[in-house]
Amino acid sequence: MLKNVLLGLSRTPAVKHAVVAFPLTRRLVERFVAGENLDDCLRVTHALVERGLLVTIDFLGEDTTTAAQADRVTDTYVELLNRLSAEGLTGEVEVSIKLSALGALLAGGHELALDNARVICAAADRVGTTVTVDAEDHTTTDATLRTVAKLREQYPWVGTVLQSMLYRTTTDCLQQRDPGNRVRLCKGAYAEPSEVAHQAKSAVDRNYRRCATVLLEGDGRPLFATHDDAMIGHVLDEVSRLDRAVDSFELQMLLGIRSDEQVRLAGLGHSMRVYVPFGTDWYAYFMRRLAERPANVVFLLRALFER
Ligand code: FAD
């Protein structure tokens with residue numbers, strides 16, 4: 001209930017202005033977002049890499065309303081990739097992109113987003129790292145998978161993301177487990193209708209386990225994005241049942257969530273990648289993080305009343 005309200009508010013401009021202007025929001029935002037500019041982001045990234053973690057960087061922005069804005073997002077990614085190369089980080093750090101930020105929601109936007117994604121992939125290829133295309137709400141899934149397929153014709157290392165809350169995802173996993181395919185499996189962060197998505201957490205979790213097994217039984221490189229011990233436990237049990245090499249899959253978590261556990265799992269020899277968002281357009285990302293955990297909202301409200 002609260003989750004759906006917060007996800008609804010993540011798309012409400014009037015609330016956006018109030019939340020962004022509220023000074024105490026900033027303190028909570030800092031936990032989840034690595035600052036507003038490239039220098040902030042690289043500082044956080046270096047610190048994570050020094051702790052033995054891998055990183056994927058997301059330049060925040062899903063409110064792209066003009067082609068010029070989409071171009072600026074693309075240019076920022078190219079600049080980011082060049083900085084990663086200059087600072088010797090391309091072995092540990094890749095980037096995550098959202099097609100909406102690259103213009104996919106504009107009229108004729110799919111071609112524009114594909115062109116922009118190609119520019120980013122070319123830059124990643126040049127510096128020797130990879131790109132993963134985030135999953136957005138279910139109305140975009142088919143178009144995103146089509147775009148990823150086109151990108152992979154030239155850049156077979158492009159990663160895609162599947163969400164266990166969607167009914168379709170087991171089938172998508174079966175189609176995404178060819179040799180070399182990088183597939184991030186997450187639960188899904190968007191409010192979705194019951195026509196397309198499981199509503200109960202237990203059903204989303206059951207499907208996560210099923211999809212994880214499907215991916216691990218295939219030949220791709222699954223990337224398990226979750227903070228949930230039960231899901232991680234299932235993944236690790238299946239890895240040993242299937243005798244999978246420890247370097248043939250990744251565990252992934254978000255910046256600011258279970259940071260000690262990230263380091264502990266990396267210390268056990270797992271490839272642990274942290275998703276690091278940065279940029280000024282943090283509102284929608286931040287609201288999804290609040291929606292995932294009511295305790296985060298309580299923290300914010302307490303700060304408000306303690307003033
Ligand atoms: P949950 O059942 O939600 O949480 C399990 C436990 O994790 C909680 O009990 C709590 O201890 C902790 N936790 C989870 N969320 C929070 C939080 N916000 N604050 C504090 N503690 C928390 N979603 C998409 O739709 N598309 C994507 O492309 C996408 N990419 C992702 C990439 C990565 C690397 C990760 C980790 C997640 C991504 N997500 C994406 C978000 C994902 O879909 C979930 O919304 C999010 O990970 C929470 O689900 P969970 O698996 O951690 O399980």
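**View 1. Asp243 sits in the loop between α10 and β7 (250-254).** Helices (H or I, at least four residues) and strands (E, at least two) are DSSP runs, numbered from the N terminus. This is a predicted model: local features need pLDDT of at least 70, side-chain atom pairs count only at pLDDT 80 or more, and totals for chains, interfaces and linings use all residues. Residues are numbered from 1 along each chain as its sequence is written. Most residues other than glycine have a negative phi. Asp243 is not a glycine, yet its phi is positive, near 55°. Is Asp243 buried or exposed? Asp243 is exposed, because 6 other C-beta atoms lie within 10 Å. The cut-offs are these: buried means 20 or more other C-beta atoms within 10 Å of a residue's own, exposed means 12 or fewer, and partly exposed lies in between, with C-beta atoms placed from the backbone.

**View 2. Arg258 lies in the loop between β7 and α11 (259-267).** Its phi is positive too, about 55°, although Arg258 is not a glycine. Arg258 has 14 other C-beta atoms within 10 Å, so it is partly exposed.

**View 3. UniProt lists a "binding site" in an unreviewed entry.** The record names Gln163, Lys187, Gly188, Ala189, Lys201, Thr226 and His227. These residues are spread over 65 residues of sequence, but they cluster in space, with a largest C-alpha distance of 14.4 Å. UniProt positions are given in the numbering used here, feature names are shortened, and annotations may be inferred rather than shown by experiment.

View 4. Gly188 lies in the loop between β5 and α9. Gly188 is buried because it has 21 C-beta neighbours inside 10 Å. Which residues does Gly188 contact, leaving aside its neighbours within four places in sequence? They are Gln163, Ser164, Met165 and Leu166. Contact means that the C-beta atoms of two residues, placed from the backbone, lie within 7 Å. Thr226 is in the loop between β6 (221-225) and α10 (229-241). Thr226 is buried, with 21 other C-beta atoms within 10 Å. Leaving aside neighbours within four places in sequence, Thr226 touches Cys186, Lys187, Met231 and Ile232.

**View 5. Pro193 is in the loop between β5 (182-186) and α9 (201-216).** Pro193 has 8 C-beta neighbours inside 10 Å, so it counts as exposed. Pro193 and His138 are 55 residues apart in sequence. Their C-alpha atoms are 9.3 Å apart in space.

**View 6. Helix α6 (residues 109-127) packs with helix α7 (residues 141-154).** Two packed helices are described by the angle between their axes and the distance between the axes. Here the angle is about 40° and the axes are 10 Å apart. That makes α6 oblique to α7. Axes are lines fitted to C-alpha atoms, for helices over the stretch in contact, and angles run from 0 to 180 degrees between N-to-C directions. Angles under 35 degrees are roughly parallel, over 145 roughly antiparallel, 65 to 115 roughly perpendicular, and the rest oblique. In α6, His110, Ala113, Leu114, Ala117, Arg118 and Cys121 meet Ala143, Thr147, Lys150 and Leu151 in α7.

**View 7. Leu106 lies in the loop between β2 (93-97) and α6.** Leu106 is partly exposed, with 18 C-beta neighbours inside 10 Å. Leaving aside neighbours within four places in sequence, Leu106 is in contact with Ala67 and Leu112. Leu106 and Thr226 are 120 residues apart along the chain, and 31 Å separates their C-alpha atoms.
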